[in-house]
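Here is a note for a colleague who is opening this entry for the first time. Please keep the chains in view while reading the points.

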Amino acid sequence: MGLYIHLPFCVRKCNYCDFVSGIYDDGVKKEYVRALLKEIGSLDRKYDTDLSDTEIETVYFGGGTPGSINASFIENIMNTVRDNLRVRDDAEISIEINPGIVDDEKLRIYKANGINRISIGLQSANDDELKLLGRIHTYRDFEECYDMVRNRGFDNVSVDIITALPDQSMEMLDNTLDRLTRKDPEHISAYSLIIEEGTPFYKLYGEGGSKREMLLCEDEERRMYYHTERLLSEYGYERYEISNFAKPGYRSRHNISYWKRIPYIGAGLCAAGLINEVRYKNTDDMGKYIAHSDDLLSIDERIVINREEQMDETVFLGLRMTDGVDIGNFSDRFGVSLKERYKKEIDKLCDQELITIDERILKLTSKGIDYGNYVFSCFYNI
Amino acid sequence: MKNNGQDRIRNFCIIAHIDHGKSTLADRIIESTGLLTSREMQAQVLDNMDLERERGITIKSQAVRTIYKAKDGNEYIFNLIDTPGHVDFNYEVSRSLAACDGAILVVDAAQGIEAQTLANVYLALDHDLDVFPVINKIDLPSAEPDRVEAEIEDVIGIEAHDAPRISAKLGTGIDEVLEQIVSKIPAPSGDINAPLKALIFDSVYDSYKGAIVFIRVMDGSIKKGTPVKMIATDASFEVVEVGYFGAGVFIPCEELSAGMVGYFTASIKNVSDTRVGDTVTDSENPCDHALPGYKKVLSMVYCGMYPADGAKYPDLRDALEKLKLNDASLNYEPETSIALGFGFRCGFLGLLHLEVVQERLEREYNLDLVTTAPGVIYKVYKTNGEVIELTNPSNLPDPSEIDYMEEPVVKAEIMVTKDYVGPIMELCQERRGRYVSMEYIEASRALINYELPLNEIIYDFFDALKSRSRGYASFDYELKGYERASLVKLDILVNHEEVDALSFIVHADTAYERGRKMCEKLKEEIPRHLFEIPVQAAVGGKIIARETIKAMRKDVLAKCYGGDITRKKKLLEKQKEGKKRMRQIGSVEIPQKAFMSVLKLDDDK
C-alpha cells in the first residue's frame, strides 16, 4: 500500500499551477500539521478498515512544496506514520522540494527520518523561462540545491521539467535537457505544459487569452516531446510512462502504484485514496479540513468503483506505462479475458495503429501516446 | 341566460404587430369581465401552450366567451377569438377573422404602426370587419400617443381621435375598451331559421371526445343530434355535444344558433375531416352554398427530421402522429438518409411552424432530433413532360432529365425607418429580390415592396433584417406563385463521401458562395480527427469549394496521478459522450449539431 501526504504550502504560487496549494502563515501551517497528524492517527476509522497490519511500501510528500515547511513538521509526520502504520524497511519515501527553500539541516532531518528520494522542481534551466513560470529561483539556485542534496548522500533524485513553454525554441529546450543530463539525476519527469483554467497562465494563454498565439502548435509540441525522449534515452533514461523517465531501477514506485491500481491512502487537504475499491477524496477547504481532520466530515467524495470500472481503469491507467497492461494479471484478477471484453476496441485501435497487443501485453504505440486520451476513452465505459 | 339575442353578442378579435400587447389586452378583457378573478388568472390565459407563453406568440387560434355588464345596464356576451400572430399562419388568421364581426387594433404607443399592423388591418378590412384602434403601452416613457393617433389616421385611414389610450399591463383604460367593444363592434346578423351554416375556424383533438370543432354559426342552429356534413371534405357526423368556451374549459350548452361562437363534438376520429375554413351544414337540410375563402392548407417549407438515437424512430413516428391530430397543417412521410438513417420528411406552413413542431417534439415527447436544412417545394419540369414537386433535394433527377425548374416566390412588405432603407434594399437585392415599390407612409418611415424567392427568406432572412435595421424593420409576406429559376443541387462531401442530409437546392448564382460558407461552417463544427479531412462543396459532381480539417496531432494528458484520476475519468467520459452524439460518415464522425448549424450561415460576416 502507498501513502500520499499533501502539504499545500508554497512560498509563491507559480503561474501555471492549479494544485490545491497556497501561501499560508505559520499559524495555519501549525494547525494544519496538527490536523494532519490527527487524520493519520485515525485512518482505521476513516477507511473503516484495520490498517495496522498493512505494509506501507511507499510514502510520498507532495504539495504545494513540502520542502518549504519546517523540517520538524516532517519529522512529526513521519513519527506518527510509523506509530500508526507498518512502513517497510525498504519503503520508497519521497519528498518534493524546490531550489532556494531547503538547507542542509532540512536535508539532514529528512534523511534521519527515512526519506530516501528527493524530487526537485526545476521546470527549466533558462532563467527567462523560470521568470515566466513565476518560479522564485534561478538555474544557479537549482545547482546549489542539487549539489547539497547529493552531498547529503541522497542517491535517488528526481527532477521535474516542463516542456513546450510559450514561445520556447528547440535550443532553449536543449539547453534545459543538456544542463539537466549533466547533473545526472536518477529520474526525470518531463511534462508538456498544460494551460489549466483558473491560473494566471490561463488568462494569457487560455481560450481568448491575450498571448495565446505564443503557445506552441501541436506539431512543435510533439517535436519537443519526441526530442526529449530521444535525447534522454541517449543518456540512459528510459521512458516508463507518458511523462516519466528513469535510469534502470529508479522508476517511481509510488507513482507506478497509481497506474497499477495498488491501494493507497491519501492524507491531508484534498488528498485522494483508493482503499477496497472506493475512491476517497478529502475536502479542499482548509478551514473545514482543520476542523474535521479526525472525523469523517473531512471526506468530500467517496466513490465506489464497480467491477466494470475497475477493469476499465486497469486498462487505461495501465496504458499510461510503456510496459502496458499485463493480460495475464488482468484475467487472474477479474476472471475475464481482456481480449474478449475489449475485442471491438482492440481491433479498431490496432487498425488505427494506436495500440499493439500480443499474448502477454497490451500497450500504446508511439502514435498511440500522441492520442492517449482517445485510446483511453475507447476503453472507458464500453 | 335570458338575454341571448344576437344584439347582445359581440364576436371580435384583437389584431396587432408582435409584442404590441395583444395577449395582455386579451387577459385584461377576460379579467375585467369577471370570467376569472385576477387571482385565478395565470398571465395570458389564451396562450395556453407552454411554448406560446415562452415565445409570447399565439400559435393556435383560441376563443373565450365572457359576459360584460355594460354601462347601458345590459349584459353582453363577448366572444374573443385570439388569432395566430405570425405570417406562417396567415390562412388560420384569415379564418379566425371570418368568424368575427369586428376587431380591436392594438398599436404600441412607442413603436407605432408596423408591417404586421398593416397586414392585419388589411386582412380585417378584407373580411369586412369593423376595426377600432386602441393605443397601448402609454405607460412607457417613450410613448407618443398623439403621434401614433395621427399615424393611425393618416396611414390606415381609420378614425382614431377617440381611440382608448391604455396600458394593458397596468390595467389602465380597459373600461373604455370594453364600452367601445359594445358600441363599435356590430352585433352579428344571421338567419336563425335558415339551414345551418357554420364556419370551422379551428379544432383540437381530445382522446375521449374526438375532434372538438371550433365554429362560428352564421345561419341556423346546431345542437346534440344534428346530422352535420362538412362541405369540402364531404364527411358526415351526428353531433354529440355543443358548447362554448370557458377559460381553458369547454362548457356544454343546449344549442348554438346564428351569431354564436362555440364548439361541437361528433366522435370525429380524424382531424383532417375538420379543416379550418370548411363549412358545416345540416346534412338533411343543407345550405345552398359553402362559405367563401376555404383553402386546403399547403406546406410551404420542408425538412427532414431524424431521431438522434436511431432506435427512437418508432417514438418519433408516434409523436408525429399525435401532433398531427391537433395540427392538420403538419405533413410527414417516412424517408431514409444514408447519413442519418430512418426519419421523416415533414412539411410546415413556414419556418416558425417548423421550429414550434421541433420544439414540441423535443419537449413534450422527449426526443432528441437532427433536422436537415429546410427547403421549399420546387417544381421540376422533366424533359419527358413529367412535373415533380420536389421536397427532398436528394430526389432531384439527373440534370440531363431536367428541362427547367420553378421556385415559389413571395410578395414581401417591409416597413423600416428611413435610415435603414438602404441596407434593407441591399439585403433584398442580395437575396435575389425584385423591387416592386416603395412609399413613405410618413416622413420617417417607408414601406418597401419586394418579390423574393421563398427559399431566400426561410432561414435567416428575418434575423438579417433585424440586424441590418437594428431591430427597426418589420416584415410580412404572402405567397405569390411559382417562377422559373436557374437552380442547382449543392452537395457536400466529407472526406470524399457525399453526405446526403447536407444537400440542398440553391440558385446557380449563389451556389459558390453558399458552398464556401457551408464548408467553412463544417470546418468549425467537425472535430479534428487523427487524419486530415477535406470538406468539399460540389455542383453536378464538380467541386466548387473546399476546406481542410487538419489532422489532430495530439490529445493526451501529460499528468495523471492519484488525486487526478476521478477528474480525468470525467474528462474521458465527456469525450466518450461527445462521440455518442456523432454520426459516422465513412471514417469521419460528424456531430449532430453540424447538420443544424449549417442552417444558420450568417450573412453579415
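The points below take up the interface and then some backbone details.

1. This is a predicted model, in which local features need pLDDT of at least 70 and side-chain atom pairs count only at pLDDT 80 or more, while totals for chains, interfaces and linings use all residues. Residues are numbered from 1 along each chain as its sequence is written, chains are lettered from A and ligands numbered from 1 in the order in which they are written, and side-chain values use heavy atoms, with hydrogens and water left out.

2. Chain A brings 43 residues into contact with 24 residues of chain B, contact meaning heavy atoms within 4.5 Å. The area buried between the two chains is about 3300 Å², 55% of it from carbon and sulfur atoms; buried area is the accessible area (1.4 Å probe) that two parts lose on being put together, summed over both. Of the area that chain A buries against chain B, Glu218(A), Tyr371(A) and Asn373(A) supply 21%, more than any other three residues.

3. Seven salt bridges are counted between chain A and chain B, each a side-chain nitrogen of Lys or Arg within 4 Å of a carboxyl oxygen of Asp or Glu. One of them joins Glu313(A) to Lys569(B), with the closest N and O atoms 2.5 Å apart.

4. The peptide bond from Gly63(A) to Gly64(A) is cis, with omega near 25°.

5. Asp48(A) is not a glycine, yet its phi is positive, near 55°. At 71% relative accessibility Asp48(A) counts as exposed, the term for values over 50% (1.4 Å probe, protein chains only).

Notes: Buried means under 20% relative accessible area, exposed over 50%, partly exposed in between (1.4 Å probe, protein chains only).
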